Amino acid sequence: MAELIWGLATSHVPSIGSAMDRGKTQDPYWKPLFDGYQPARDWMARHRPDIVLVVYNDHANGVDLDIIPTFAIGTAERYQVADEGFGRRPVPDVVGAPDLSLHLVQSLMDEGFDLTVFQQLDVDHGLTVPLSIFCPDPGDAWPCAVVPLLVNVIQYPQPTAARCYALGQAIGRAIAGFDSDVKIAIFGTGGMSHQLAGARAGFINPTFDHMFLDAIENDPQSLAALTREDYITQAGSEGIELIMWLVMRGAMQPTIQLVHSTYHVPASNTAAALALYDNRAPQGI
């Protein structure tokens, strides 16, 4: 059967991808951020999955703002990298894993999650930047297949944190029941605290971020109990992206092992973090 081997929580700030694409990672502004990624990158290179499930949000590049599904999944054989208005990123298109996608659609529908299904989808920085953080030099192809899972975090009302955590738990059960000898990793993307517009533009809350980083590992239920208003108040209007980390965490075992984490301010005008967890820790200790 399939095995969920690790989970990665990471920001998907577009300027992080741009810094990689333009060879700026060793510039003084970016070097501390990318130096913080390296231990995780080294570990992930030694523990390559066959498939990654990327939980992210589209930014009106692949999906029109007139149609914002609460939860959606891609079932395609291949996903083209979106042109976000300044040309496509110079990274490979994404190869899908339709057998796993279709298994997840059926399993999650049976558990009461009525997903929108994309048989065709362009993927934007919300998905490609985390892939670049995972694998900075993919060459002509990413090292594994990808299942995109989209969450609405841009239009009110977003799903609750509790609903995202429950979705993750259902994903974990579905993966455990996938009759294939594949190793799977899951990415929860977005965050941390930031607000891009309005009177609080530039808002960052390191106190909340550090609380979240501790709780996502040790007490995710407390984060699932927060309301969307709590997230927006404490983490900023775009900080609600952190509910996507709860999808990742819900899919994993109750006890996980932290491999590496890093926190950096600012990346563009956001707080950015990475946290990598091994899902094969002994349980019940």
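Predicted model: local features only at pLDDT ≥ 70, side-chain atom pairs only at ≥ 80, totals over all residues.
**Stop 1: the cavity**

The space inside the largest cavity comes to about 80 Å³, and the structure holds one cavity of 30 Å³ or more.

**Stop 2: His-12**

Next, select His-12, which you will find in the loop between strand 1 (3-10) and helix 1. Is His-12 buried or exposed? With a relative accessibility of 4%, His-12 counts as buried, because the cut-off for that word is under 20%.

Now display the residues around His-12. Leaving aside its neighbours within four places in sequence, His-12 is in contact with several residues, including Asn-57, His-59, Glu-241 and Met-244.

**Stop 3**

Move along to Pro-14, which belongs to helix 1 (residues 14-21) and is partly exposed, with a relative accessible area of 42%. Select His-125 as well, and compare the two positions: Pro-14 and His-125 are 111 residues apart along the chain, yet their C-alpha atoms are separated by 5.7 Å. When neighbours within four places in sequence are left aside, Pro-14 is in contact with His-125 and Val-129.

His-125 and Val-129 are both in helix 4, where they are among the buried residues, so colour the whole of residues 125-134 to see this helix, in which ten of its ten residues are buried. At the start of helix 4, look for Asp-124, whose side-chain oxygen reaches to within 2.9 Å of the backbone nitrogen of Gly-126.

**Stop 3: salt bridges**

A search of the whole structure finds six salt bridges, and this stop visits some of them. Select Lys-31 and Asp-35, whose side chains meet in a salt bridge with an N to O distance of 2.7 Å. Why are these two residues separated by about one helical turn? The reason is that Lys-31 and Asp-35 are four residues apart in helix 2 (residues 31-46). An α-helix has 3.6 residues a turn, so residues three or four places apart point the same way. Lys-31 is partly exposed, with a relative accessible area of 33%, and Asp-35 is partly exposed too, at 38%.

Turn next to Asp-93 and Arg-88, where a salt bridge of 2.3 Å, N to O, joins the side chains.

Then select Arg-173 and Glu-111, which form a salt bridge with their closest N and O atoms 2.8 Å apart. This pair links distant parts of the chain, 62 residues apart, for Arg-173 is in helix 5 (residues 161-176) while Glu-111 is in the loop between helix 3 (98-110) and strand 6 (116-118). Arg-173 counts as partly exposed at 48% relative accessibility, and Glu-111 is partly exposed at 37%.

**Stop 4: backbone details**

Most residues other than glycine have a negative phi, and most peptide bonds are trans. With that in mind, show the backbone from Tyr-156 to Pro-157, where the peptide bond is cis, with omega near 0 degrees; Pro-157 lies in the loop between strand 8 (145-151) and helix 5. A further cis peptide bond runs from Gly-191 to Met-192, with omega near 5 degrees, and Met-192 lies in the loop between strand 9 (183-189) and helix 6 (206-218).

Finish by selecting Ala-60 and Ser-268. Ala-60, in the loop between strand 2 (51-56) and strand 3 (71-74), has a positive phi near 65 degrees. Ser-268, which sits in the loop between strand 10 (257-267) and strand 11 (270-278), has a positive phi of about 60 degrees although it is not a glycine.

How values were computed. Residues numbered from 1 in each chain as written. Heavy atoms only, no water. 1 Å grid on protein atoms, 1.4 Å probe; cavity = no way out; pocket = protein on both sides within 12 Å on 5 of 7 lines; lining within 4 Å. Points joined across faces, edges and corners; volume = space filled by probe spheres on them. Buried < 20%, exposed > 50% of the residue type's maximum accessible area, 1.4 Å probe, protein only. Polar contact = N/O pair within 3.5 Å; in protein donor to acceptor, adjacent residues only side chain to side chain. Salt bridge = Lys/Arg side-chain N within 4 Å of Asp/Glu carboxyl O. Contact = heavy atoms within 4.5 Å.
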